[in-house]
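Reader: I would like to learn how to read the cores and charged pairs of a protein model. Could you walk me through them?

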Amino acid sequence: MWYLCVFFHRLLDYRKPEVESLAQLFGAIEDPRNDDLPFQLQWKLPPNYHTDSPFHFVNLPSEQLAHDIAARSILVKGMYELWGEGSSYEELKESVLSYPDERKLPYLDSDSTFKITVDGFGKVISLEEQKELIQGLSYIPFKGRVKLKNPDHNFWLIEVDNYGGNNGLPPIVQKRIFFGREVGGADRKLIPTYQLKSRNYLGPTAMDAEMAFLMANQALATSGKLVYDPFVGTGSVLVAAAHFGAMTMGADIDIRVVRDGRGPDCNVWSNFKQYGLPMPVGLLRADNNLPPWRSTLKEVFDAIICDPPYGVRAGGRKSGGRKLLRGAVEPYTVPDDKRTDHIPSTAPYSLVECVHDLLDLAAKMLVMGGRLVFFYPVLREDDFAEDHFPEHPCFKLISLSEQILSSRYSRVLLTMVKTGPYTEEIAEVARIRHIEFKENHVKWLEDGNLHSAVFSPADGHLTEAGDPKLIKDPKPKYRGKYV
């Protein structure tokens, strides 16, 4: 059945992939490892609507699934059984009256309670106008009692005004009016509850709560699954996964972060305690370049979620130190009496090496069908295409979602699913692809320092032409894309 899916108007590239991931989590679509089976849901737009519009129709097999997706999703505002639509209220009336009575009458009986919510997109509807619009629905035979708080049935009248392309909204040819019954709605208390400004322990690279929950949804985090973050930092991503019931485990190269924090009551563990979440299975001081796992240990984690260091707010580090890596000093063993306070020396860790190690780790340690979800930076002057991103023969890329952070760079959330077992032959193929990937990409990737590329002055020929403020990007900007 087709449902009206209304999104929050932000993070536009993330909306459909999140819904499709949740549909798989709840068993509605097939495993993407099998290329012969359909994976993507069926989507369609209302007439004359732009693809960036928050209004989409999605075909789902059951109302329960629509409810479950809306209740867990971060970017779905609501799912609705559409009773009618039109470009005017006269067309809306005809559409609602023509909707089958057997679908309407069970929700209009005298034993139920109901509420009608009026909402607008691209316009503000005053309280007086809302009252008039609700009274104009008198042709619907409501027999139940009105109840504004926790009614049995919530009906929505949504008006989308016709507007141009200069106000930050996607262009619409003519206005549209929708009326329908709410099947499921978002948990609007989730993000305010977990917002970073109230978090007990924070670091400079702590993941925003909304994005952390999106990553957890992409990874299909749920009860009974074990989720790992090899760059755990202050634990923001694992907090989101734990909220959905997953067991969590993390590692970081900085022992001061995972062991000490800012004291016994301000550390990674205290973030889980703050929200009453299950504590992580373990937090390790470990190096992504030299993982601590036994060579025979494989297929442990159900998902790996992380934000690798790519040099904007923090650069990557690996064990060894410059002198040790150059061979200027011999490897050493820390005496037992100094191990407690010892801080291991580290050296720069380029992004291209970091991502290669991450893919190799995931290929070994993820179960079949497990997901790898991680961010990858993109300079905006580079060509944006799938071959720009790292790959591995054990994985299939199922979605990429761009978030533009500045005029110079953006980051892309890559979601990969493990489709094949890890073998020595596969590892060799991956190593060759890594070398080709490294050779075919720009210098900042090998240097591993995106900071200089992002914050360097603009090209001279741009400023010489005149005031830089007068130089405008010809690509239309919708505000949801750039949040």
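Author: Gladly; we will go from the overall fold to the cores and then to the salt bridges. This is a predicted model, in which local features need pLDDT of at least 70 and side-chain atom pairs count only at pLDDT 80 or more, while totals for chains, interfaces and linings use all residues. Residues are numbered from 1 along each chain as its sequence is written, and side-chain values use heavy atoms, with hydrogens and water left out.

Reader: How many helices and strands does the chain have?

Author: Helices (H or I, at least four residues) and strands (E, at least two) are DSSP runs, numbered from the N terminus. Here the chain has 16 helices and 17 strands.

Reader: What percentage of the residues in the chain is buried?

Author: Buried means under 20% relative accessible area, exposed over 50%, and partly exposed in between (1.4 Å probe, protein chains only). Of the 483 residues in this chain, 49% are buried.

Reader: Which residues touch the most other members of the largest nonpolar core?

Author: A nonpolar core is a set of buried Ala, Val, Leu, Ile, Met, Phe, Trp, Tyr and Cys residues joined through side-chain atoms within 4.5 Å. The largest one has 78 residues, and Met215, Leu372 and Phe374 touch the most other members. Helix H12 (residues 351-365) supplies the largest share of this core, ten residues. At least three residues come from each of domain 1 (2-188) and domain 2 (191-454), with bounds from an automatic or database domain assignment.

Reader: Which residues does Met215 touch?

Author: Contact means heavy atoms within 4.5 Å. Leaving aside residues up to four places away in sequence, Met215 touches Met207, Val237, Ile305, Cys306, Val373, Phe375 and Leu413. Apart from this core lies another of 19 residues, including Leu25, Leu60, Val183 and Leu220.

Reader: How many salt bridges does the structure hold?

Author: Side chains of opposite charge can pair when their charged atoms come close. A salt bridge is a side-chain nitrogen of Lys or Arg within 4 Å of a carboxyl oxygen of Asp or Glu. The structure holds 16 of them. In one, Asp360 and Lys364 meet at 3.9 Å, N to O; these two are four residues apart in helix H12, so about one helical turn separates them. Lys364 is partly exposed, at 32% relative accessibility.

Reader: Which residues do salt bridges that share partners join into one network?

Author: That network consists of Glu63, Glu81, Arg103 and Arg181.
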